[in-house]
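Thanks for coming. I'll talk through one structure, taking the ligand site, then a helix pair, then a sheet.

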Amino acid sequence: MTAILHRQPRQSLPVAVGGDGPYVIDSNGKRYLDASGGAAVSCLGHSHKAVVEAIKAQLDQLPYAHTGFFANRPSEELGEHLVARAPGDLSKVYFVSGGSEANETAMKLARQYFYEKGEPQRRHFIARRQSYHGNTLGALSIGGNPGRRAVYEPILLPANHVSPCFAYREKPAAESEAAYAQRLADELDAKIRELGPETVIGFVAETVVGATLGAVEPVPGYLKHIREVCDRHGVLLILDEIMSGMGRTGHLFACEEDGIAPDILTCAKGLGAGYQPVGACLLSGAIHDTIVGGSGAFQHGFTYIGHATACAGALEVQRTIEREGLLDRVRHQGALLRQGLEERFGNHPHVGDIRGRGLFIGVELVEDRATKQPFDPSHRLFARIKAQAMDHGLMCYPNGGTVDGQAGDHVLLAPPFIIGEQQVQEILDRLEGAVQGALHEIGV
Ligand code: PLP
């Protein structure tokens, strides 16, 4: 018996009772190598002593004091840490408890910015098909995943969507990457003009698409063009780095690699590495000054904003990433994992694409490599791979079959930054077993 409403039937889930570096241990003593950081969360594994100690120390000193009454040191120091490293004019931070809250906050910040600026008619957000920005109603409204939206469609905010940047499936072979990037920017430009530029608040996109598509990175130049289109119309660029940020791609902020900075950037998951639930919304000085210089305060708030213990944990996670040189390690181990995947799966008849950045890698499975025809979604191949992987003692993050019917099943890999070379080999061995097992189940 359980009182918990689980995502899956309770009896199908092992009970997690321990952590040892990149392994999770269940109540039967079985060890699972965490090759996905859960959902790209656990970037320091499951037993990092310095982080645990920092949290314990904060609990001993002061677990929580409401930010309506007090500032606290951990949130101030974490804020300084992040803005000192953030690109562009991202110079202020708002701390929340997770990714959906961060995106809700971003949407409301952007709206209030224009309200204070004397442009209250701005009301539209534009996002992309096949995107995921969270499960609260605002975040779900801008999300572009029909499967997740369907039940709630009548109560969502009006949404505007343009194409994702998904070269493997949406760029014809004869089109250059440069032309593709320009075409997508033109599509955004046209959508803004269609809505009326004076009515558009912002364009929201994941820097590297995570859960819905499996580590799909933008083609070179895409984000630069998008930045130009937004600037041309005075529209804010909001980048969702909830999955792809905080070092996962080998840069602290994924958009650094693309050479641009957004007006607002959201992050969560790797920020607290799962040791504490915490997310953040970074914003430009211009947005901050307009709001503070206007009505004086951001009309928003949650009970746990700037939570002292959550921020103390995240601060130690971020300091650890620097102290242990983990961004270099992400690039190195990521290259190794990528190379291993190419060797094992590069010529596999049912692997269509291997993609991503750093330790954020997607493997897309297809029925036919030449035509890129996905497997019949009714096979639920992704779910079979997940189950097989758990049998093999591997956590990976498969998804698919639900996205417009336009993408195949994929496996997202996002292992902790601390994994060793031996564990990279273990991921490859166990994943190969899981994929073969799942394909066998559907008669392939
Ligand atoms: N945005 C992206 C890109 C995500 O991947 C997720 C979660 O998977 C979210 C937002 C929502 O974050 P949370 O589940 O912490 O609310």
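Predicted model: local features only at pLDDT ≥ 70, side-chain atom pairs only at ≥ 80, totals over all residues.

Which residues are closest to the ligand? They are Gly 98, Gly 99, Ser 100, Gly 134 and Ile 242, out of 15 residues that surround the ligand. Helix α4, residues 99-116, supplies the largest share of that shell, with three residues.

Next, the helix pair. Helix α12 covers residues 326-345 and helix α14 covers residues 421-441; they pack with their axes 10 Å apart, at an angle of about 30°. Angles under 35 degrees count as roughly parallel, so α12 is roughly parallel to α14. The crossing of α12 past α14 is right-handed. On the α12 side the contact is made by Gln 333, Leu 336, Leu 337, Gly 340, Leu 341 and Arg 344, and on the α14 side by Glu 421, Val 424, Ile 427, Leu 428 and Glu 432. By class, the residues of this contact are six nonpolar, two polar and three charged.

Last, the sheet. Four strands form an open sheet in the order β1-β2-β3-β13, and the pairing is mixed. At the edges are β1 (16-20) and β13 (394-395), each pairing on one side only. β1 and strand β2, residues 23-26, run antiparallel and are joined by four bridges. Within that pair, Gly 19 is opposite Val 24 of β2.

Methods
Residues numbered from 1 in each chain as written. Axes fitted to C-alpha atoms, helices over the stretch in contact; angles between N-to-C directions. Helix = DSSP H or I, 4+ residues; strand = E, 2+ residues; numbered from the N terminus. Parallel < 35°, antiparallel > 145°, perpendicular 65-115°, else oblique. Left-handed = near helix turned anticlockwise from the far one by under 90°. Contact = placed C-beta atoms within 7 Å. Nonpolar A, V, L, I, M, F, W, Y, C, P; charged D, E, K, R; others polar. Pairing = 2+ DSSP bridges. Near = placed C-beta within 6 Å.
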